[in-house]
Amino acid sequence: MTSSELWTRETADRYDAEEAENSSPAVLGPTLNLLAELAGNGRALEFAIGTGRVGVPLRQRGVPVTGIELSEPMAAVLRRKADEDTLPVVIGDMATTVVPGEFTLVYLVYNTIGNLLTQDEQVACFENAARHLAPGGRFVIELTVPPLRFLPPGQAAVPFDVSERHLGFDTFDLVEQTLVSHHFTRDDDGRYRRGTSRQRYAWPAELNLMARIAGLELERRVEDWAGAPFGPDSGKHISVWRKPVA
C-alpha cells in the first residue's frame, strides 16, 4: 500500500455535496470534452476515481471507463450511481494496482497525484499508467502549480479559498516538498468543521522527468481543460503524455 491517506466514510458521504460546483455541467463540461476526445474509440482508466465525479458522466457519454480507488467508502458512493457492469472499480492504490486489458486513456484529475507522498511513488504511478496504456495511448494529469511565489520569507501559509462557508490555506515543508491543506468549513448549524490533508507537490518539469522514466513523451500542456495556453502565471496545468508507438 502506498502512503496515500485513506478517505473515511464520513468524508465520502459529504464529498459530492461539497464538490457540487465542480460537478456542474459548466465546470465539468470541458473536462469531459477533452477526455472523451483523447479516449477516442478506446477504453479509459481513471486513477483514484473517488465517487465518480468525472468517471460516471464520462461513461454516460459512451466512453467505457474502469476505475482504481483506494478508499472503499468513496467507491461505495460511486456504486450508488453506476453498477459494476457499467463502471468496474478495483480497490487498490494507483501506483501498483493492475487491472486487465489495455486503455487508450489513463487520467488522474484534481491534484490527486499529490496524494502519493513520496517521489518514488509518484514515479511508480507514471509507470503504472504506462503499463496500462496501449501504444499511442495517453496519460493525463490535472495539477496545481505549487504557489510558492506567494510565500515570502517568514510566511508559513498561502490561502486558496476565503469564502462565507469555507476557509482554506496551505502550509509548506520546503525541504520535504510537501504541503498540508487546512480546511475550516461552516456547517448549516453555524459550527465550523476542521479538516486537513497532506500532499506532495511536484513541478511540471519534474513530472516530465517522471514521464520519461516511464517511457512516455510530453504531447501538450495547457492551463485548463478548455485549452488556454500554459504560461509563467498559470495556476494549474493539464498535461498530456503519450506512449510511443513501437
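Modeller: A nonpolar core is a set of buried Ala, Val, Leu, Ile, Met, Phe, Trp, Tyr and Cys residues joined through side-chain atoms within 4.5 Å. The model shown here is a predicted one. Its largest nonpolar core has 28 residues, and those with the most contacts inside it are Phe47, Leu108, Phe126, Phe139, Ile141, Leu216 and Trp241.

Colleague: Which helices and strands each supply at least two residues of this core?

Modeller: The contributors are strand 1 (44-47), strand 4 (103-108), helix 5 (119-132), strand 5 (133-144) and helix 6 (204-213). Helix 5 gives the largest share, six residues. There is also a second, separate core of 26 residues, with Leu35, Leu58, Ile238 and Val240 among them.

Colleague: With which residues is Leu108 in contact, leaving aside its neighbours within four places in sequence?

Modeller: Leu108 is in contact with Phe47, Ala48, Met94, Ile113, Cys125, Phe139, Val140, Ile141 and Glu142.

Colleague: Let us turn to a charged residue. Where is Arg221 placed, and how far away is the nearest side chain of opposite charge?

Modeller: A salt bridge requires a side-chain nitrogen of Lys or Arg within 4 Å of a carboxyl oxygen of Asp or Glu. Arg221 belongs to strand 10 (residues 217-222). Arg221 is buried yet has no salt bridge, and the nearest side chain of opposite charge, Glu206, is 10 Å away.

Colleague: What joins the side chains of Arg221 and Asn208?

Modeller: They are joined by a polar contact of 2.7 Å. Beyond its neighbours within four places in sequence, the contacts of Arg221 include Phe230, His237, Ile238, Ser239 and Trp241.

How values were computed: Residues numbered from 1 in each chain as written. Predicted model: local features only at pLDDT ≥ 70, side-chain atom pairs only at ≥ 80, totals over all residues. Heavy atoms only, no water. Buried < 20%, exposed > 50% of the residue type's maximum accessible area, 1.4 Å probe, protein only. Helix = DSSP H or I, 4+ residues; strand = E, 2+ residues; numbered from the N terminus. Contact = heavy atoms within 4.5 Å. Lys, Arg positive; Asp, Glu negative; His and termini not counted. Polar contact = N/O pair within 3.5 Å; in protein donor to acceptor, adjacent residues only side chain to side chain.
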